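Me: I'm new to reading protein models, and I'd like to know how the labels get decided. Can we go through this one together?

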Amino acid sequence: MSPYILATLLFSLGLGTTITFASSHWLLAWMGLEMNTLAIIPLMAQNHHPRAVEATTKYFLTQATAAAMLLFASTTNAWLTGEWSIEQMTHPVPTTMMIIALALKIGLAPVHAWLPEVLQGLDLTTGLILSTWQKLAPFALLLQIHPADPTILIGLGLASTLVGGWGGLNQTQLRKILAYSSIAHLGWMILILQFAPSLTLLALLTYFIMTFSTFLVFKLNKATNINSLATSWAKAPALTALTPLILLSLGGLPPLTGFMPKWLILQELSKQDLAPVATVAALSALLSLYFYLRLTYAMTLTMSPNNLTGTATWRLPSLQLTLPLATSLIATLCLLPLTPAATALLSF
């Protein structure tokens, strides 16, 4: 792809998200989301592979459906209340429709089925953009909607944590595993959205850091399935030793960064007298932890060739920049001691 076209598309991605961030009117927010969608579609289809084209088509149809539902919900709200302002979603019917539309945008269960299929058809760089940057604009809108009854958000959150855990158990493709990991993490964020929006932002930030590290590690190793992880020790032994810590941080184990948002979310849910919800969420985290441990086992405790069917790849030197990976790796592993500072900032 021409660097000028690439720069234009990336600029449009940033502009669409910024417009949604800055908007207080539903039509302007919808326009920002549409710019976001249209800018990433050429990036997704740039390889001209049939699988990439299929993933792009699925993504376009899903996002178009969500955008139509969002526009219909905002129009219904204007018809019932006379208000186009985002913060004036007072009627329960358009509010529920809007939450479902935004859930479809980011891939929350039970409207999640498109996300693993789309991510599987993309290269790792575009998959990273889809898993991180594309979540920002819908989350900005979700944070501004205050439903009178938080039951729908709790239902979506619990469904996402459970589906994200169960769905990733029998997967061998790394991109599908990361998609189900995304669904599970989004469920944790939605669970606490109504009670502590600042915790949702903290969980989103830590998820971005950990996912950034994971995608860059897989990109450095040119790994797309579990079998190809077994050859990574010969390419980058030091990074292979640290990668299990990244995966365990995604699973939310102390003393790693990923433990911080889960700990604070469980604490807040208990304060809100939602101990059963907190229990189910904590148990669903064990499901996710299992498939992270599968990746860890394949990467560090097996040697290629092993008894699984797979071909070893050429051990060529990588041209990928290592500074972004080193920075995100340190953040993924070492931010837990900053929890008191994070809670102080959030309460402020």
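Me: Okay, how many salt bridges does the structure hold?

Reply: It's a predicted model, so keep that in mind. The structure holds five salt bridges.

Me: What makes R51 and E54 a salt bridge?

Reply: The rule asks for a side-chain nitrogen of Lys or Arg within 4 Å of a carboxyl oxygen of Asp or Glu. For R51 and E54 the closest N and O atoms are 3.8 Å apart, so the pair passes the 4 Å cut-off. Both residues sit in helix 3 (residues 50-81), three residues apart, about one turn of the helix.

Me: Are R51, E54 and K58 buried, exposed or partly exposed, and why?

Reply: Buried means under 20% relative accessible area and exposed means over 50%, so anything in between is partly exposed. R51 comes out at 22%, E54 at 35% and K58 at 29%. Each of these values falls between the two cut-offs, so R51, E54 and K58 are called partly exposed.

Me: Which salt bridge does K176 make?

Reply: K176 pairs with E117, at 3.3 Å from N to O. K176 is in helix 9 (residues 174-193) and E117 is in helix 5 (residues 114-120), so this pair ties together parts that are 59 residues apart in sequence.

Me: Why is K176 called buried, while E117 is called partly exposed?

Reply: K176 has a relative accessibility of 18%, which is under the 20% line, so it counts as buried. E117 is at 27%, so it lands in the partly exposed range.

Me: How is the protein divided into domains?

Reply: There's domain 1 (1-127) and domain 2 (149-305 + 321-347). Their C-alpha centres lie 24 Å apart.

Me: How do you know that domain 1 and domain 2 are in contact?

Reply: Contact means heavy atoms within 4.5 Å, and 19 residues of domain 1 meet 21 residues of domain 2 that way. Together the domains bury about 1,800 Å², with 76% of it on carbon and sulfur atoms. L108, Q120 and L124 supply 36% of the area that domain 1 buries against domain 2, more than any other three residues.

Me: What polar links are there between domain 1 and domain 2?

Reply: The count is one salt bridge, and five residue pairs are in polar contact across the interface. On the domain 1 side, the elements giving two or more residues are helix 4 (92-106), helix 5 and helix 6 (124-131).

Me: Which residues does the "transmembrane region" annotation cover?

Reply: It comes from an unreviewed UniProt entry, and the stretches include 151-170 and 233-254. In the model, residues 151-170 are 85% helix and 0% strand, with end C-alpha atoms 30 Å apart. Residues 233-254 are 82% helix and 0% strand, and their end C-alpha atoms lie 25 Å apart.

How values were computed
Residues are numbered from 1 along each chain as its sequence is written. This is a predicted model: local features need pLDDT of at least 70, side-chain atom pairs count only at pLDDT 80 or more; totals for chains, interfaces and linings use all residues. Side-chain values use heavy atoms; hydrogens and water are left out. Helices (H or I, at least four residues) and strands (E, at least two) are DSSP runs, numbered from the N terminus. Buried means under 20% relative accessible area, exposed over 50%, partly exposed in between (1.4 Å probe, protein chains only). UniProt positions are given in the numbering used here, feature names are shortened, and annotations may be inferred rather than shown by experiment. Domain bounds come from an automatic or database domain assignment. Buried area is the accessible area (1.4 Å probe) that two parts lose on being put together, summed over both. A polar contact is a pair of N or O atoms within 3.5 Å; within protein, one must be able to donate a hydrogen and the other to accept it, and residues adjacent in sequence count only if both atoms are side-chain atoms.
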